[in-house]
Structure formats: C-alpha cells, structure tokens
Amino acid sequence: MVQIRSELPSDADAIGAVTIAAFRHAAHTSHTEQFIVRALRDSGQLVVALVAEDGGVIIGHVAMSPVTIAGISGGWYGLGPISVLPAHQGRGVGTLLTRGGLARLRALGAAGCVVLGNPGYYRRFGFATSSLALNGVPPEYFLAISFGGPIPSGTVKYHASFEATA
C-alpha cells in the first residue's frame, strides 16, 4: 500500500534516483530535474517535499517551492518537479503526491499554486489557465489554482534552483 509522507534528509539519494528514472524517457525534459530538486533542498526552498513509499521503498516524490509573480512574493508556489518510478506510473501515485502537496500548501495558508504540465492531467486537481504567464511557455501548459482569493496577473518566476545543471 502506497503511503505519502514528508521527505527526510536520509531520503535524498533515493529521491535523486527516482527523479532520474522518472524523467529518463520523458518527452519534454532537460534531464536536470534531480539537480533542481537538490538545489531547492540545499537553498531551503522546498516548502513541501513529499515522498510516496511502497513497502518501505521510495517510488515517487513531489517538490513545491515559492514563486514570484511580477517580482512579488505573494504566497504562491510552484508544483514540481514531480517524479514517479516508471514501473509505478499510471497507478495513482502522482495523484496522491499532487493532492497531498496541495493539501499541505493549503494548510500553510498559501494563496495558490502554479504548474507547468499536461492540462489534461492537472485540470482534475482544479488547475486552469489564467492570466499568469511563464516566459517561453504556451499558456495552455502553464496552469494555476487559487486557494480562495483572486488569481493575480503577471509573469511567474521560479527560484534560481530551476537553472541547476549539475
């Protein structure tokens, strides 16, 4: 049975391995996701970091970190990277991680969350296109969910950790 819990410092190597495996054959990737997660962790930007465990083995991970909108920090976060071992994909693990992460953000009093991803997948969680933008990304793939207030307008910027390449 899959269990979702907060990541522990001792999970870092397993999370790196899961992330590498999850993105190995992905169509739209820079293959730097494991470096991004580590850089977010090292810089204290992982506000929510959950793992999915099955039988004591880590099979998935989700990272959530602060973003700025039009240069302002306003309680908004970015979902991702999210990783599930290929052998466990399509079994609801990503759904559990996403729901768990969004619930944690709500409990922290976050204003909302953005995600760059497949609209067909993320709409089921309440994400939708909005007036938020991410440079270089078609608007239909950059989605937002508000946890109560209006969705602001502007360009979203992720932490510098998203530029990590090693």
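Here are some numbered notes on this structure, which is a predicted model.

1. Start with the overall layout. The protein has 4 helices and 8 strands. Going along the sequence, they come in the order β-α-α-β-β-β-α-β-α-β-β-β.

2. Next, the overall dimensions. How does the radius of gyration of the protein sit with that of a compact globule? For 166 residues, such a globule would come out near 15 Å, and the protein has 15 Å, so the two agree. Along the principal axes, the C-alpha atoms fill a box of roughly 40 × 30 × 30 Å.

3. Of the 166 residues, 43% count as buried. The exposed surface comes to about 8,200 Å², with carbon and sulfur atoms supplying 56% of it. As for contacts, if you take those with a separation of 6 or more, 63% of them are between residues 24 or more positions apart.

4. One partner of β2 is strand β1 (residues 2-6), which runs antiparallel to it and is joined to it by 5 bridges. If you want a spot to check by eye, Ile-4 has Ala-52 in β2 as its bridge partner.

5. Strand β2 also pairs with β3, again in the antiparallel sense, this time over 7 bridges.

6. The side chain of Glu-53 makes a polar contact of 3.0 Å with that of Arg-5. Beyond residues up to four places away in sequence, Glu-53 touches Met-1, Val-2, Gln-3, Arg-5 and Ile-58.

7. Strand β3 has another pairing to follow. It is joined by 3 bridges to strand β8 (residues 154-158), and the two run antiparallel. Here Thr-68 has Lys-157 in β8 as its bridge partner. On to the next pairing of β8: with strand β6 (residues 132-133) it pairs in the parallel sense, over 2 bridges. Ala-133 stands opposite Thr-155 in β8.

8. On to the helices, starting with α2 (residues 33-42). Which of its residues are buried? They are Glu-33, Gln-34, Ile-36, Val-37, Ala-39 and Leu-40. The cover over the buried residues of α2 includes α1, β3 (57-69) and β4 (72-84). Just after the helix, Gly-44 takes a positive phi of about 75°.

9. Helix α1 (residues 12-23) holds Ala-22. With a relative accessible area of 15%, Ala-22 is buried. What is Ala-22 in contact with, once its neighbours within four places in sequence are left aside? The answer is Ser-83, Val-84, Pro-86 and Gln-89. Take Gln-89: it is 67 residues from Ala-22 in sequence, while the C-alpha atoms of the two are 8.7 Å apart in space.

10. Last, the aromatic rings. Searching the whole structure turns up 5 aromatic pairs. One of them is Tyr-122 with Phe-127, an edge-to-face pair with 5.9 Å from centre to centre and 85° between the planes. Both of these residues, Tyr-122 and Phe-127, are buried. Ring pairs also link Tyr-121, Tyr-122, Phe-125 and Phe-127 into a cluster.

Terms used:
Residues are numbered from 1 along each chain as its sequence is written. This is a predicted model: local features need pLDDT of at least 70, side-chain atom pairs count only at pLDDT 80 or more; totals for chains, interfaces and linings use all residues. Side-chain values use heavy atoms; hydrogens and water are left out. Rings of Phe, Tyr and Trp (its six-membered ring) pair if their centres lie within 6.5 Å; planes under 30 degrees apart count as stacked, over 60 as edge-to-face and the rest as tilted. Buried means under 20% relative accessible area, exposed over 50%, partly exposed in between (1.4 Å probe, protein chains only). Contact means heavy atoms within 4.5 Å. A polar contact is a pair of N or O atoms within 3.5 Å; within protein, one must be able to donate a hydrogen and the other to accept it, and residues adjacent in sequence count only if both atoms are side-chain atoms. The radius of gyration is taken over C-alpha atoms; the globule rule is 2.2 Å times the number of residues to the power 0.38. Accessible areas come from the Shrake-Rupley method with a 1.4 Å probe; for residues, only the protein chains shown count as cover. Two strands pair if DSSP finds at least two bridges between them.
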